[in-house]
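Dear colleague,

Please find the structure below. My notes on some of its side-chain contacts follow.

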Amino acid sequence: MNKAVVLGAVAGIFAFATVAQAEQLFSKDNLKTWDREKVAGGEGTLYGKFSFTRNDAKKDDAIKEIGWMTLQPGAAIGPHKHDVNEDTYIIVSGEGTFTDTEGKESVVKAGDITIARKGESHALKNTGKEPLVFLDVIAQQ
């Protein structure tokens, strides 16, 4: 067999295997920017840097979206319901007010984790003087 044919076949198999496997590392230098204004009727801009968004996720993937989010002082994500998925905020820095499904407001700060399960609603506002930075993870069964 021709050496070039064999090397070409091996390269093709390697390329297929690389494409077929799911990406597991998302370098911060390659994250996708998805900034949105007045999310869910909120205020200001929600700045986002994502590994992937709900628009990119595969049907069978449980995690539909994961990214670093930032709300500047006074900015907010308005109250919204999660009908088909769950949404978790992991607060990294700053301070804000989290509003749960019942309308109860709670102060959140670095290290706090919030979750809106399927059928629940939530909102988040930066009530501090520094940017409110959090990880957002949306999952769906």
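A polar contact here is a pair of N or O atoms within 3.5 Å; within protein, one must be able to donate a hydrogen and the other to accept it, and residues adjacent in sequence count only if both atoms are side-chain atoms. The model is predicted: local features need pLDDT of at least 70 and side-chain atom pairs count only at pLDDT 80 or more, while totals for chains, interfaces and linings use all residues. Residues are numbered from 1 along each chain as its sequence is written, and side-chain values use heavy atoms, leaving out hydrogens and water.

The side chains of Glu-65 and Arg-54 make a polar contact at 2.8 Å. Glu-65 belongs to strand S4 (residues 63–71); strands (E, at least two residues) and helices (H or I, at least four) are DSSP runs, numbered from the N terminus. Glu-65 is buried, with a relative accessible area of 0% (buried is under 20%, exposed over 50%, partly exposed in between; 1.4 Å probe, protein chains only). Leaving aside residues up to four places away in sequence, Glu-65 touches, among others, Trp-34, Arg-36 and Phe-52, where contact means heavy atoms within 4.5 Å.

Of these, Arg-36 has its charged end over the ring of Trp-34, 3.9 Å from the ring centre (NZ of Lys or CZ of Arg within 6 Å of the centre and within 35 degrees of the ring normal).

Phe-52 is buried at 17% relative accessible area, whereas Phe-26 is partly exposed at 28%.

Regards
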